[in-house]
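Here are my notes for you, in numbered points. Keep the structure open while you read, and click on each residue as it comes up.

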There are 2 protein chains.
Amino acid sequence: MTEKDIMCCKHNFVHEDKVNLVEHEMPKEENLLGVTELFKVLGDPTRTKILSVLYTQELCVCDISKVLNMTKSAISHQLKILKMARLIQSRKAGKEVYYALADDHVGKIYRMAIEHVME
Amino acid sequence: MTEKDIMCCKHNFVHEDKVNLVEHEMPKEENLLGVTELFKVLGDPTRTKILSVLYTQELCVCDISKVLNMTKSAISHQLKILKMARLIQSRKAGKEVYYALADDHVGKIYRMAIEHVME
DNA sequence: ATAACAGTTGAACAACTATTCAACTATTAG
DNA sequence: CTAATAGTTGAATAGTTGTTCAACTGTTAT
């Protein structure tokens, strides 16, 4: 019997009642993966910093590059990921593209995380 | 002049007032990295699932393995990461080790994310 | 039309990370 | 003491991902 065999946790030794309850209460796979995806997008230093500056106000790509001291290319790549995750929105004004948080909910999540870290 | 040159965003073309304001409002690097680390830990499907089951009640490693249909080794590795991030706590009872969410705040963050995803 | 600038994009490389595997510790039952 | 079970751990592998680089689009001004 190897570790590979998931039945190493034989039915006899698993707390069946607990497992059944938990399985019942668990959100749908689809929603859990959505949560994972949300956190994964937020879990990168560049993207966290972008959110933190957009939390104050909307900015163009060039401004963000300046504040974070990174190339426009690197910023643009990350902006795309944030936008696909619907965490930010953009509007075009001439040659410039301005980015802002998608809605209040995103700001709320960011603020909550900051508060949690600062205790 | 290459893209590499961060001064491609010459001072003339950057919105200096905005940049200055944002730099001033921005949280300390240390705290931002803390936020990133928090999200990074949460941004893995296995760890998200572990949180979701512990959100219902405390469980031993074997139970978690059963519910997620993964080996104890894989679960144990992820539990360690969650514990180092102070998102969960453990207590030993005989041969078994029971894990639970570290505090209400963790549950609150998890619930908020689930609600955000489910809209 | 042409030059200059803002921004985007795809490929490639380097760094990171989750799972597997095998070996290990520790606790309990016989 | 010995066997069996719960859990941990380190190394290795395979998959993922962020930045760089170079080339590109689109807009504005001369």
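1. Helices are DSSP runs of H or I with at least four residues, strands are runs of E with at least two, and both are numbered from the N terminus. Now look at helix α4 (residues 61-68) of chain B: 8 of the 8 residues are buried, so this helix is largely enclosed by the rest of the structure. Those residues are V61(B), C62(B), D63(B), I64(B), S65(B), K66(B), V67(B) and L68(B).

2. Some housekeeping. This is a predicted model, where local features need pLDDT of at least 70 and side-chain atom pairs count only at pLDDT 80 or more, though totals for chains, interfaces and linings use all residues. Residues are numbered from 1 along each chain as its sequence is written, chains are lettered from A and ligands numbered from 1 in the order in which they are written, and side-chain values use heavy atoms, with hydrogens and water left out.

3. What do the buried residues of α4(B) pack against? From chain A there is α1 (16-25), and from chain B there are α3, β1 (59-60), α5 (72-84) and β3 (96-101). Just after α4(B), check N69(B), which takes a positive phi of about 55 degrees.

4. A contact here means heavy atoms within 4.5 Å. Among contacts in chain A between residues at least 6 apart in sequence, 47% join residues at least 24 apart.

5. On to the nonpolar core, which is a set of buried Ala, Val, Leu, Ile, Met, Phe, Trp, Tyr and Cys residues joined through side-chain atoms within 4.5 Å. In soluble globular proteins, nonpolar side chains tend to be buried together. The largest core here has 70 residues, and L54(A) and L54(B) touch the most other members. Not counting residues up to four places away in sequence, L54(B) touches L59(B), I64(B), I88(B), Y99(B), A100(B) and L101(B).

6. A polar atom of its side chain lies 2.8 Å from the backbone oxygen of K49(A). Leaving aside neighbours within four places in sequence, S52(A) is in contact with Y110(A), M26(B), P27(B) and L32(B).

7. T36(B) sits in helix α2 of chain B and is buried, at 3% relative accessible area. Beyond its neighbours within four places in sequence, T36(B) is in contact with G43(A), D44(A), P45(A) and T48(A).

8. The side chains of R47(A) and Q78(A) are joined by a polar contact of 2.6 Å. (A polar contact is a pair of N or O atoms within 3.5 Å; within protein, one must be able to donate a hydrogen and the other to accept it, and residues adjacent in sequence count only if both atoms are side-chain atoms.) Not counting residues up to four places away in sequence, R47(A) touches K40(A), V41(A), Q78(A), I81(A) and L82(A).

9. In chain B, have a look at T46(B), found in helix α3 (residues 45-56). T46(B) is buried, with a relative accessible area of 13%. Apart from neighbours within four places in sequence, T46(B) is in contact with L68(B), M70(B), I75(B) and Q78(B). The C-alpha atoms of T46(B) and K66(B) are separated by 13 Å, and the two residues are 20 residues apart along the chain.

Notes: Buried < 20%, exposed > 50% of the residue type's maximum accessible area, 1.4 Å probe, protein only.
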